[in-house]
Amino acid sequence: VPLLFYHLWTPLASHMFAGSIVGSLAMAGAVYQVLKTLDEWGVPRAPRLILVTILALNAMIVYYGGNGMSEGLYLFTLLASCRYFLRWIRRNDLTSLVYSAVALAFCYLVRNEAVGPAFLGGLVVIGIGWKRRSDLQAGRIRGALNDFVIFEIPVVTALAGWAVASFVITGQPFQQF
């Protein structure tokens, strides 16, 4: 009986250990993303380090960083997306918009709750793209829609990829719902 328990427990324990390592690395990456975001926005060093320390020592961050669940990866990819999205808003850098979109697509691959930020982010992209352009009406619409498509294509691709994979495996594109 103890030998049987050991053989049943060992694969489970190794997966839990690997998940804990990935979760802790992802939470460390999430804290790093916040640190770099505050740095890019010009927050002075002392308040920046205090805020990041408070975040890193938050009980939920520590818990989700060590339990091996997907919250660590979700938070890391969502914060990375926010960092680059804020950079795009501030600098109008198309590369940052693409990085934000790709991070958000990875966020959807981790958890399907990323559909909400993708939808709202798309609305913000349209609004900012519209406001930044001083062209005529048609040029403003085209520019805003170009930014929107650039932002949403990675997320839509990830959504379609998961739907196809789910359909192949379960026979339903959105089995989780």
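Predicted model: local features only at pLDDT ≥ 70, side-chain atom pairs only at ≥ 80, totals over all residues.

Residues are numbered from 1 along each chain as its sequence is written, and side-chain values use heavy atoms, without hydrogens and water.

Take α4 and helix α6, residues 115-132. Their axes come within 11 Å and cross at roughly 10° (lines fitted to C-alpha atoms over the stretch in contact, angles from 0 to 180 degrees between N-to-C directions). The two helices are therefore roughly parallel to each other. In the contact (heavy atoms within 4.5 Å), α4 supplies Leu78, Phe85, Trp88, Ile89 and Arg90, and α6 supplies Pro117, Gly121, Val124, Val125, Ile128 and Arg132.

Next, helix α3, residues 59-66. At its start, a side-chain oxygen of Asn58 reaches to within 2.8 Å of the backbone nitrogen of Met60. After α3 comes Gly68, with a positive phi near 80°. Helices here are DSSP runs of H or I, at least four residues, numbered from the N terminus.

Last, the cavity (on a 1 Å grid over the protein atoms alone, a set of points where a 1.4 Å probe fits but cannot get out; lining residues have an atom within 4 Å of a point). What lines the largest cavity? Glu40, Trp41, Leu86, Arg87, Arg90 and Arg91 do. Helix α4, residues 71-91, gives the most to that lining, with four residues.

Conventions
1 Å grid on protein atoms, 1.4 Å probe; cavity = no way out; pocket = protein on both sides within 12 Å on 5 of 7 lines; lining within 4 Å. Polar contact = N/O pair within 3.5 Å; in protein donor to acceptor, adjacent residues only side chain to side chain. Parallel < 35°, antiparallel > 145°, perpendicular 65-115°, else oblique.
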